[in-house]
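Thank you for passing this entry on; my notes follow as numbered points. Please read them with the sequence and the coordinates side by side.

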Amino acid sequence: MARADAVLAVVLAAASVLLAPRAATAQTSSCDDALPPALAGNYSGLACRPVWNNFVLRYAQGKDNVLRVVISSMYSTGWVGMGFSKDGMMVGSSAMVGWVGKTGLSHVKQFSLRGKTPSQVVADEGFLQSKDHDHTVVVQQAKIYLAFQLRFQSPLRRQQVLLAFGTAIPVNDRLTVHQGKTSITFDFTTGSSSGSSYPDGLKRAHGALNLFAWGVLLPIGAIIARYCRRWDPLWFYLHAGIQLVGFILGLAGIVAGVSLYNKIQADVPAHRGLGIFVLVLGILQILAFFLRPHKDSKYRKYWNWYHHWVGRLALFFAAINIVLGIKVGAAGNSWKIGYGFNLAILLITIITLEVLLWTRWKNNNSSSMPTY
């Protein structure tokens with residue numbers, strides 16, 4: 001069994017290896033602010049609505065279904081963007097993004113949001129008809145004004161809109177990860193808007209529950225079962241109790257994940273598939289507990305092999321899936337650092353206890369090797 005634990009330690013080490021600033025100021029933007037003179041001509045007479053944080057949306061629809069937009073926000077450096085989505089999700093949307101470069105040159109480009117990594121956000125592509133209109137960016141009094149015009153097939157009514165900002169200036173038209181984002185439904189006929197349509201709280205609950213259950217509690221329960229057997233029967237009750245609580249929390253996290261998927265229909269087949277596989281292994285472990293043979297049964301050693309290896313497989317694939325979930329969920333550096341630190345602690349603990357276990361076994365000249 002030492003070889004299996006060495007493999008688990010290597011996996012934890014590999015997973016640990018795999019494992020923001022605010023907007024400009026605390027001031028707020030409002031519709032009382034006058035547009036910069038450079039925008040007074042093409043962008044006069046716009047309706048105005050505060051929409052999110054310090055973002056203000058000015059807009060008007062004219063002839064030929066041309067939408068004129070000025071999105072403004074507090075600004076010191078970086079970029080701001082407004083996206084148009086069919087379902088409220090980032091992936092599959094197109095966005096107009098503006099920034100002022102280090103040399104003071106203004107940039108406005110359309111981006112096709114094909115994924116959540118910088119390489120999948122492609123400049124000068126997208127489904128918005130914007131090439132036959134002028135766009136501009138103006139910075140005035142610590143505020144940025146992104147002005148653009150788009151042509152649509154018909155007048156816009158209720159539209160899923162994405163708003164985001166980043167604090168790093170794009171280099172070679174490569175956007176950095178945003179520091180703030182939201183998704184709203186905006187009615188361009190009435191000026192009304194609803195709050196974020198993206199279930200951020202549900203995503204956080206799904207991640208936090210599963211990380212704590214499969215990444216903290218269940219590994220601790222497995223460690224107790226292997227290295228604390230001298231404290232019989234305390235080790236057994238601790239092991240069973242911790243694993244039961246961990247499984248219940250993990251099950252709650254999976255329920256949150258199913259609800260999240262039903263709301264956003266995320267395209268994450270690998271993450272979903274691994275999650276289902278780990279859940280099945282967890283259910284098998286629960287069933288195995290109720291089918292545990294007596295210690296004197298000739299079938300007990302086979303049950304032990306089954307129970308030990310299914311548990312290791314569950315933790316192995318759970319660790320992989322947690323890392324994958326952090327990546328596909330764009331959870332940010334705090335999640336990566338936190339889980340990486342957790343994996344490092346588990347790794348150090350396993351190596352230390354394994355060395356102590358084998359040292360004790362050799363010193364006692366036991367006739368049988370350590371099990372579990």
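1. Helix α4 (residues 269-290) is the largest contributor to a nonpolar patch, giving 5 residues; helices (H or I, at least four residues) and strands (E, at least two) are DSSP runs, numbered from the N terminus. The patch is on the surface and consists of Ile276, Val280, Ile283, Leu284, Leu287 and Tyr306, with about 490 Å² of accessible area together. Patches are built from residues with over 30% relative accessible area and no salt bridge, like charges being joined within 9 Å and nonpolar side chains (Val, Leu, Ile, Met, Phe, Trp, Tyr) within 5 Å, while the areas come from the Shrake-Rupley method with a 1.4 Å probe, and for residues only the protein chains shown count as cover.

2. Please bear in mind that this is a predicted model, in which local features need pLDDT of at least 70 and side-chain atom pairs count only at pLDDT 80 or more, whereas totals for chains, interfaces and linings use all residues. Residues are numbered from 1 along each chain as its sequence is written, and side-chain values use heavy atoms, with hydrogens and water left out.

3. Tyr306 belongs to helix α5 (residues 300-328), and its relative accessible area of 32% makes it partly exposed; here buried means under 20% relative accessible area, exposed over 50%, and partly exposed in between (1.4 Å probe, protein chains only).

4. How many salt bridges does a search of the whole structure find? The search finds 5, a salt bridge being a side-chain nitrogen of Lys or Arg within 4 Å of a carboxyl oxygen of Asp or Glu. One of them joins Arg226 to Glu354, with the closest N and O atoms 2.7 Å apart; this pair links distant parts of the chain, since Arg226 is in helix α2 (residues 200-227) and Glu354 in helix α6 (residues 333-364), 128 residues apart. Both Arg226 and Glu354 are buried. Elsewhere, salt bridges that share partners join Lys109, Asp124 and Asp173 into one network.

5. Glu125 and Arg114 also meet through their side chains in a salt bridge (2.0 Å, N to O). Glu125 lies in the loop between β7 and β8 and Arg114 in the loop between β6 and β7, so the bridge ties together parts that are 11 residues apart in sequence. Both ends are partly exposed, Glu125 at 36% and Arg114 at 46% relative accessibility.

6. The largest nonpolar core has 40 residues, of which Leu57, Met82, Phe84, Leu163 and Phe188 touch the most other members; such a core is a set of buried Ala, Val, Leu, Ile, Met, Phe, Trp, Tyr and Cys residues joined through side-chain atoms within 4.5 Å. A second, separate core of 17 residues includes Leu211, Trp214, Leu218 and Tyr339. Beyond its neighbours within four places in sequence, Phe84 is in contact (heavy atoms within 4.5 Å) with residues including Leu67, Phe127, Phe148 and Phe188.

7. Strand β2 (residues 55-61) is mostly covered, with 6 of its 7 residues buried. Strand β2 runs antiparallel to β1 (residues 47-52), joined by 5 bridges, and antiparallel to β3 (residues 66-74), joined by 6 bridges; strands pair if DSSP finds at least two bridges between them. Trp52 stands opposite Phe55, and Tyr59 opposite Val69. The hairpin of β1 and β2 has 2 residues between the strands, with Asn53 at a positive phi of about 55 degrees, whereas that of β2 and β3 has 4, with Asp64 at a positive phi near 60 degrees.
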